[in-house]
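This report describes one protein model, with attention to its sheet, its charged side chains and its backbone geometry. Please keep the sequence and the structure in view while reading.

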Amino acid sequence: MSDQHTSSASLASLRPPALLSGTPRFAEPMHLTRPRVPHERMFAELIASIFRSRWFTNDGTLVRQLEEALQHRLGTGFCAAFCNGTVALQVALRSLDLSGEVITTPFTFPATVHAIEWNGLTPVFCDIDPETYNLDVSRAAELVSDRTSALLPVHVFGNPCDVTGIDRLAEQRGLKVVYDAAHAFDVVHRGRPIGCWGSLSVFSFHATKLFHTGEGGAVVGPDDVMRRRVSLLRNFGIVNEDEVCGVGLNGKLSELHAALGIALFELVDEEIRARERLTARYNRSLAAVEGLRFQCRSADTLPNYAYYTVEIEEERFGLSRDELHIALRAENVLARKYFYPLCSQNEPYKYLPSAEPAKLPNANRLASRILCLPLYGELQEEDVDKIIECVLAARAAAPSVRAAVARHALLASGSSA
Ligand SMILES: *Cc1c(COP(=O)(O)O)cnc(C)c1O
C-alpha cells in the first residue's frame, strides 16, 4: 500500500496537464524514436573505402561483411540483406512458391499485408490474442482452407509469437511460415534466436527500428537452397551472364547503407541495454497505475526492449487512448497509436470477408487502446520522468482533460464547417 501512498502524494503535487495550463512540459517535440548515429570517424573510413573502390552496390565487400555479422548475431543459416523490409517480405513470400491465401494479422504495419497482395496472393485476417497481441493460433487453425498456402505472423513489438503452436499447425496442414520479425531484432526465444523459427524470417533496418541502416532489411533462413532462391530474386533473377530465371526485382542494399549498418552494429548492445534501463524506469512508475495494462511477454524470452507500449482501459483510467494521445500531444510528447488503423480497415482490404470487425474483436479493441511511448537509447532519464508525469497529470485531471478534448474537437469541427 505504500506505493499507493507515494503515487497519490506525487499526484497531488503534479502541475496540471498542458491541455489545461497551456504550457507544455516539453518545449521541443519529443519524438517516439531517434535513430542512433555511428561514430563519425569509423563511418567516414568506411565511406572512404567505398570511394576508393568505386564499388557502390552489387554484392560489395561491405554488404557481405554486414550479412556475415548479422547471420552470426541472428544465429541463422543465412542472412540476405535488402534495400528495405517491405521488399524483403515480398521476396521471402515469392521465394516459397505460394498460391491462394496467406493468413496474417491485422495488428501490424501496412507493409506486412501489402507484401501478400503484391505477390498476387489473398490476405486472410486472423484475430490476435488479447494478452500477447500476436496471432491467435487456434483462430488461425479455423481459417486454414484448401486455398491456404502460408502463414505470415508478426512478432508484434518484438514479442515472440506462439512459435510451437504455429509450427504444429503448419506441419499438420502443409503450410509455409514467414515471420515478420521487423520488431524482433536480436530476440531469443526458447533458447533459439528468433529468426530460426518458420521457413523464413524478415527483419527491417529502417531508421526507426532498433538496429538500422537508414533504409534496409533482411531475409534470414536455414539453408543454402533458400539462400540461393532469395538471392536470385533480389537481383532480377539473374543467374549468370547468359541466364535469367524467375521474376526477380531489385532488392539490393547499397554499400553506403551497409556502411551505416556496420558502423552501428557495434553500438547495438549499448542501445539495447539503454532501452532496458529506460523500460525499467517507465515500469517502476506506470506498472501499477490503475487503468493501464501491458503486453503479456512470452515466457522463456530474451527481449530486445524495442518498444514501450501501454494499453489504456478507458473506464479505469478515466480517459480513452485517443484522449490521452491528444493530452500528450499538447505536452509535445508525440506518442503513436500503433497499430491504428488496423490493416483490415485500410481501403484495399476492408472489403475482404475476413476483414469484418466482428470477426476480429481483439484486434479492433486493441487498436483503439494501445499507445506507444517514446523509447530510444539516447532518451534521458529525466525525459522519461517527464513523460511519466504527463501521463499521470492527464489521469489525475481526467474529467477536465476530457472536457478540454471535447471542446477542441468542437472548435475544430466548427472551424472546418
Ligand atoms: C517497419 C516494418 C516493416 C517494413 O519495413 P521497411 O524496412 O520500412 O520497409 C514491416 N513490418 C513491420 C511489422 C514493420 O514494423
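## Terms and basis of the model

A residue is called buried when its relative accessible area is under 20%, exposed when it is over 50%, and partly exposed in between, with a 1.4 Å probe and protein chains only. By this scale Glu314 is partly exposed, at a relative accessible area of 36%.

The model is predicted: local features need pLDDT of at least 70, side-chain atom pairs count only at pLDDT 80 or more, and totals for chains, interfaces and linings use all residues. Residues are numbered from 1 along each chain as its sequence is written, and side-chain values use heavy atoms, with hydrogens and water left out.

## The seven-stranded sheet

Helices (H or I, at least four residues) and strands (E, at least two) are DSSP runs, numbered from the N terminus. Two strands pair if DSSP finds at least two bridges between them. An open sheet is built from 7 strands in the order β1-β9-β8-β5-β4-β2-β3, and its pairing is mixed. Because β1 (78-82) and β3 each have a single partner strand, they stand at the edges, and one side of each is left without a neighbour in the sheet. From one strand to the next, the twist averages 25 degrees; angles run from 0 to 180 degrees between N-to-C directions, with axes fitted as lines to C-alpha atoms, for helices over the stretch in contact.

Within the sheet, β8 and β9 are antiparallel and share 4 bridges. Val202 has Val219 of β9 as its bridge partner. Helix α6 (residues 110-118) packs on the sheet and touches β2, β3, β4 and β5 (176-180), its direction making about 140 degrees with that of β3. Helix α8 (residues 163-173) lies across β4 and β5 and runs at about 150 degrees to β5. Contact here means heavy atoms within 4.5 Å.

## Salt bridges between separate parts of the chain

Side chains of opposite charge can pair when their charged atoms come close. A salt bridge is counted when a side-chain nitrogen of Lys or Arg is within 4 Å of a carboxyl oxygen of Asp or Glu. The structure holds 29 salt bridges. One of them joins Arg147 to Glu101, at 2.9 Å from N to O. Arg147 is in the loop between α7 and β4 (148-152), whereas Glu101 is in strand β2 (residues 101-104), so this pair ties together parts 46 residues apart in sequence. Arg147 is partly exposed, with a relative accessible area of 48%, while Glu101 is buried at 13%.

A further salt bridge joins Glu381 and Arg281, at 3.3 Å from N to O. This pair links helix α15 (residues 381-396), which holds Glu381, with helix α11 (residues 268-286), which holds Arg281, across 100 residues. Glu381 is partly exposed, with a relative accessible area of 35%. In another pair, the closest N and O atoms of Arg402 and Glu314 are 3.0 Å apart. Arg402 belongs to helix α16 (residues 398-416) and Glu314 to helix α12 (residues 314-317), so the pair ties together parts that are 88 residues apart in sequence. Arg402 is partly exposed, at 31% relative accessibility. Salt bridges also link Glu131, Glu290, Arg293, Glu311, Glu313, Arg316 and Arg369 in a network.

## A buried lysine without a salt bridge

Lys209 is located in the loop between β8 (200-204) and β9 (217-221). Although buried, Lys209 has no salt bridge, and the nearest side chain of opposite charge, Asp180, is 7.5 Å away. For such charge assignments, Lys and Arg count as positive and Asp and Glu as negative, while His and the chain ends are not counted. Apart from neighbours within four places in sequence, Lys209 is in contact with Ala182, His183, Ser204 and Tyr307.

## Backbone exceptions

Most residues other than glycine have a negative phi, and most peptide bonds are trans. Tyr133 has a positive phi near 70 degrees and is in the loop between β3 (122-125) and α7 (137-143). Tyr133 is buried, with a relative accessible area of 0%. Asp300 also has a positive phi, of about 55 degrees, and is in the loop between β12 (292-293) and β13 (301-302). Asp300, however, is exposed, with a relative accessible area of 55%.

The peptide bond from Tyr338 to Phe339 is cis, with omega near -5 degrees. Phe339 is in the loop between α13 (321-330) and α14 (361-367). The bond from Tyr340 to Pro341 is likewise cis, with omega near -5 degrees, and Pro341 lies in the loop between α13 and α14.
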